[in-house]
Amino acid sequence: MLSVSRVYKTFNIGTVNEKKALKNICLHLKEGDFVTLIGGNGSGKSTLLNCIAGVYDVDEGSIIIDGADVTKIPEHKRAGILGRVFQDPMVGTAANMGIEENLALAYRRGKKRTFKWGITNKERELYKEMLSQLGLGLENRLSDKVGLLSGGQRQALTLLMATLNQPKLLLLDEHTAALDPKTAVKVLELTNKFVTEGNLTTLMVTHNMRDAIKYGNRLIMMHDGRILLDIKNEAKQKLTVEDLLQRFGQASGEEFASDRALLA
Amino acid sequence: MLQIILGALMLGLLWAIMTIGIYITYRILGIADLTVEGSIAMGAAIAANCIYGGVNPYLATFLALLGGMASGLCTGLLHTKLKIPSLLSGILTMIALYSINLRILGKANVSLLRMDTVYTIFLKMSFLNNNLFVKLGITHLMPVIVLGIIVVLGIITILYWFFGTEIGCSIRATGDNPQMSRAQGINTNNMIVIGLIISNGLVAVSGALIAQQQSFADIQMGTGSIVIGLASAIIGEVLFSKRSFFSRLVSLVFGAITYRVIIALVLKMGMPANDLKLFTAITVAVALALPEFSSYLRPITKSIRGGASGAIRKQSL
């Protein structure tokens, strides 16, 4: 479903701030894979996600999604086959537009936008039904501005928008990191529900080792722009945080140095 | 007095078209677009020159619309394709338009006295030419007011429809959150260009109608117009309802009229006309600073309202 081959990305080339963010990344996801991607600060996991989404152009290598080479395709054109949720709950939704308007924008992702009405009554029924799945009471607030919602509500809405029309690939960029622990659990449970029910191919970046182990069928750990560990299926089911730290130490020759990942 | 108020209403209606144009860039797209200073004069120049050359005034106004749209396109391409910051893109087009407008006009101003304009038809209509209006001395105002109302209502209706369509929603989303818009497959660059085209088209129409009302087009008439537009838009937002998109559009018209009434009154009270631009600039500065002011004023107003009980609480601490 996703095929990332020999991708390199360097920021600020030729300056003192030069940063090699991705070094020869190869990653292949099968249809229905739910991959958790973990790593410390600056390990390149968000950069990888942004390269797949088309926010950054890659320096070398290719990205193929569902058989289509998207390496040179701009972000907004790739969006039709992707679903994305961001770390910052403010980023995924338009604050001054209504809940239904935001959903309508997502519903038209990848379709040609014309002079037809931006939202129809038939859609409203659909959105109501979908919002009720979130269990947040948003189904009765269709025309409320999204800016009135809490961070958790906005993130749940973004998640719904991302999965609305069966994306080929769902990209979650630490989408629970900015939420309080209780809300984070709720959004993660919703994520798991949507992904498993829709059999969505998913790449989820997280700082939280426990979450990375608990969810998905495959775990990838990045370090310093490289993929360090790739643990699949049964091996992943038996994994513990201690194992993960130990294997990180063996593979990198360093100690895992992200308090945030350990404490969380 | 009636003449002053109706005169202000008349000017307000014509400037309301420009205010709506500025609202599209400033509020919906979040861009302070200085192109309008050039495109309002361009609209006036095109209309004046065409009418002077014997073109039908309605066709002339339509050509002004096209000219304004072209200047909006120019700014949009400078900003989105050449990645020049939006403010600077607007300034560049505005400066370029000064020369272009001079070329269109051929000289610094063109008079339209005794020429047929878009208002001429209405002047001949008997219901606008009755004895009462003649007695009140407002026969020259009524045609402009009638046409102004028709045009403003038409534009509001079209824009209300347009911003409800899929493309219109995408433009609103682009102004609200470009990052989210791209993630939802919206070509944000195109949306910015479309917004600028519509906005400057409206501004040029406004310029064309103003030139025909005042019977001349002047190369300088754009100077400070963005501030007038902003002042009108802000007055409209502060004083009138802004809940739905429709009422927002209507509030812009009332804002533009209110601005003209205020100007007419301060002039009547004896303010020299040369100080008008200073007055307008200060009005806008104060209006834009109001949110900042109110956060400073809140403790003061609170203590006034809280009165004695507030003082007692402080003492007990």
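Chain A has an accessible surface of about 12,100 Å², and 49% of this belongs to carbon and sulfur atoms. Chain B exposes about 14,900 Å², with carbon and sulfur atoms supplying 68%. Areas like these come from the Shrake-Rupley method with a 1.4 Å probe, and for residues only the protein chains shown count as cover. The model is a predicted one, so to speak: local features need pLDDT of at least 70 and side-chain atom pairs count only at pLDDT 80 or more, while totals for chains, interfaces and linings use all residues. As for bookkeeping, residues are numbered from 1 along each chain as its sequence is written, chains are lettered from A and ligands numbered from 1 in the order in which they are written, and side-chain values use heavy atoms, with hydrogens and water left out.

On to the build of each chain. Chain A has ten helices and ten strands, whereas chain B comes to 13 helices and two strands. Helices (H or I, at least four residues) and strands (E, at least two) are DSSP runs, numbered from the N terminus. The C-alpha trace of chain A spans about 60 × 40 × 35 Å along its principal axes, and that of chain B about 80 × 55 × 35 Å. For the 264 residues of chain A, a compact globule would have a radius of gyration near 18 Å, and the chain's 19 Å agrees with that.

How much of each chain is tucked away? Of the residues of chain A, 52% count as buried; for chain B the figure is 50%. Buried means under 20% relative accessible area, exposed over 50%, and partly exposed in between (1.4 Å probe, protein chains only).

Helix H8 of chain B, residues 166-176, has nine of its eleven residues buried, so it is largely enclosed by the rest of the structure. Among those buried residues are B:Glu166, B:Cys169 and B:Arg172. They pack against helix H3 (99-107) of chain A, as well as helices H1 (2-29), H7 (142-162), H9 (178-183) and H10 (188-214) of chain B.

The largest nonpolar core has 120 residues, and A:Leu103, A:Leu131, B:Ile20 and B:Leu159 have the most contacts inside it. H1 of chain B gives the most to this core, with 14 residues. Such a core is a set of buried Ala, Val, Leu, Ile, Met, Phe, Trp, Tyr and Cys residues joined through side-chain atoms within 4.5 Å. Not counting residues up to four places away in sequence, B:Ile20 touches B:Ile155, B:Ile156, B:Leu159, B:Leu202, B:Leu249, B:Leu252 and B:Val253. A second, separate core of 25 residues includes A:Val35, A:Ile63, A:Leu203 and A:Ile220.

Finally, A:Glu254 sits in the loop between helix H9 (241-252) and helix H10 (259-263) of chain A. With a relative accessible area of 43%, A:Glu254 is partly exposed. Leaving aside neighbours within four places in sequence, A:Glu254 is in contact with A:His223, A:Phe248 and A:Gly249.

Conventions. The radius of gyration is taken over C-alpha atoms; the globule rule is 2.2 Å times the number of residues to the power 0.38. Contact means heavy atoms within 4.5 Å.
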